[in-house]
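Please look over the sequence and the predicted model shown below, and then read the notes that follow, which go through selected local features one by one.

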Amino acid sequence: MIRVQAEDFDIGAEIGRLKAGRRDIGAIVAFVGTVRDQAGAVEEMALEHYPGMTEAELQRIEAEACSRWPLQASLIVHRTGTLRPSDSIVLVVTASEHREAAFRAAEFLMDYLKTSAPFWKRESGPQGSRWVEANPGDDDAATRWKKHAAE
Amino acid sequence: MSTRLLYFAWVKEKTGIAAEEVELPREVTTVAELIAWLKTRGPEFDHAFARSEVIRAAIDRTHVRHDAAIGAAREIAFFPPVTGG
């Protein structure tokens with residue numbers, strides 16, 4: 001399941017919903033991305049996105065993860081709008097019978113999300129505001145999944 | 001048939017618009033040709049697409065390369081490399 005929303009999320013409640021009534025899940029991995037203040041340089045982060053394509057990309061990425069690993073359930077929640085340091089940006093949860101699939105799928109989802117989901121961050125602080133530039137390391141992180149098939 | 005063009009992040013700031021409906025010239029058949037045509041539409045567009053190699057494109061909400069054919073696209077978007085997560 002995927003969601004794009006302005007509101008914050010409650011990780012405990014999300015995991016509770018995800019495994020409600022399920023007796024086959026043995027491992028749950030959750031990743032939360034949060035806003036850093038970068039030593040005082042960032043006071044606000046505005047997240048813009050491409051409504052329609054964002055949801056389509058997140059669903060595509062999730063389907064890809066489900067085809068690579070035996071997942072019992074998965075969830076991606078990404079926030080938009082104006083956030084502040086320590087606010088949550090993104091939540092990825094994966095559930096499987098054994099931990100390896102959940103760990104790998106969660107990492108894969110984040111790596112792909114960072115290079116293909118159409119979000120753009122604009123940081124503001126005492127020095128003014130600027131669009132965040134893409135990190136080449138993120139491309140490398142996503143590319144490695146192409147080299148290594150799911151194990 | 002008109003095509004919907006969308007601009008995001010700093011591409012939108014530079015063009016000064018978020019969305020528009022345009023009639024594409026018949027000779028514009030690829031994303032690269034569309035960018036070249038957009039650059040002729042005024043200084044804002046010339047500025048926005050000056051470093052066209054860094055700009056990403058999507059046709060009907062799917063990522064495409066600049067050599068992609070436009071075909072019967074309804075919606076074409078231009079944006080910087082994504083920075084979510």
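## A buried loop threonine

Leaving aside its neighbours within four places in sequence, Thr80(A) touches Val4(A), Gln5(A), Ala6(A), Leu47(A), His49(A) and Phe119(A), where contact means heavy atoms within 4.5 Å. Thr80(A) is placed in the loop between S4 and strand S5 (81-83) of chain A, with helices (H or I, at least four residues) and strands (E, at least two) taken as DSSP runs and numbered from the N terminus. Its relative accessibility of 15% makes Thr80(A) count as buried; buried means under 20% relative accessible area, exposed over 50%, and partly exposed in between (1.4 Å probe, protein chains only).

## Basis of the model

This is a predicted model, in which local features need pLDDT of at least 70 and side-chain atom pairs count only at pLDDT 80 or more, whereas totals for chains, interfaces and linings use all residues. Residues are numbered from 1 along each chain as its sequence is written, chains are lettered from A and ligands numbered from 1 in the order in which they are written, and side-chain values use heavy atoms, with hydrogens and water left out.

## Helix H3 of chain A and its two partners

Two packed helices are described by the angle between their axes and the distance between the axes. In chain A, the axes of helix H3 (residues 99-116) and helix H4 (residues 136-147) come within 8 Å and cross at roughly 130°, which makes H3(A) oblique to H4(A). Axes here are lines fitted to C-alpha atoms, for helices over the stretch in contact, and angles run from 0 to 180 degrees between N-to-C directions; angles under 35 degrees count as roughly parallel, over 145 as roughly antiparallel, 65 to 115 as roughly perpendicular and the rest as oblique. The crossing of H3(A) with H4(A) is left-handed, a term used if the near helix is turned anticlockwise from the far one by less than a right angle, with right-handed used if clockwise. On the H3(A) side the contact is made by Arg104(A), Glu107(A), Phe108(A), Asp111(A), Tyr112(A), Lys114(A) and Thr115(A), which meet Asp138(A), Asp139(A), Ala141(A), Ala142(A), Arg144(A), Trp145(A) and Lys146(A) of H4(A). The residues of this contact of H3(A) with H4(A) divide into five nonpolar, one polar and eight charged, where Ala, Val, Leu, Ile, Met, Phe, Trp, Tyr, Cys and Pro count as nonpolar, Asp, Glu, Lys and Arg as charged, and the others, Gly among them, as polar.

H3(A) also packs with H2(A), the two axes coming within 10 Å and crossing at roughly 150°, and H2(A) and H3(A) are therefore roughly antiparallel to each other. Their crossing is right-handed. The residues of H2(A) that take part are Glu57(A), Leu58(A), Arg60(A), Ile61(A), Glu62(A), Glu64(A), Ala65(A) and Arg68(A), and those of H3(A) are Phe108(A), Leu109(A), Tyr112(A), Leu113(A) and Ser116(A). By class, the residues of the contact of H2(A) with H3(A) are seven nonpolar, one polar and five charged.

## Aromatic pairs

Over all chains, the structure holds 12 aromatic pairs, counted when rings of Phe, Tyr and Trp (its six-membered ring) have centres within 6.5 Å, with planes under 30 degrees apart called stacked, over 60 edge-to-face and the rest tilted. The rings of Trp69(A) and Phe108(A) have their centres 5.2 Å apart and their planes at 65°, so this pair is edge-to-face. Trp69(A) lies in the loop between helix H2 (53-68) and strand S4 (71-79) of chain A and Phe108(A) in helix H3 of chain A, so the pair ties together parts that are 39 residues apart in sequence. Trp69(A) is buried at 3% relative accessibility, and Phe108(A) is buried at 0%.

In chain B, Tyr7(B) and Phe78(B) form a stacked pair, 6.3 Å centre to centre with 15° between the planes. This pair links distant parts of the chain, with Tyr7(B) in strand S1 (residues 3-7) and Phe78(B) in strand S5 (residues 75-79) of chain B, 71 residues apart. Tyr7(B) is buried with a relative accessible area of 1%, and Phe78(B) is buried at 0% relative accessibility. Tyr50(A), Trp120(A), Phe8(B) and Phe79(B) form one aromatic cluster.

## Positive phi angles

Most residues other than glycine have a negative phi, and most peptide bonds are trans. Ser86(A), although not a glycine, has a positive phi of about 85°; Ser86(A) lies in the loop between S5 and strand S6 (88-96) of chain A and counts as exposed at 60% relative accessibility. Ala9(B), also not a glycine, has a positive phi of about 55°; Ala9(B) lies in helix H1 (residues 9-15) of chain B and is buried, with a relative accessible area of 0%.
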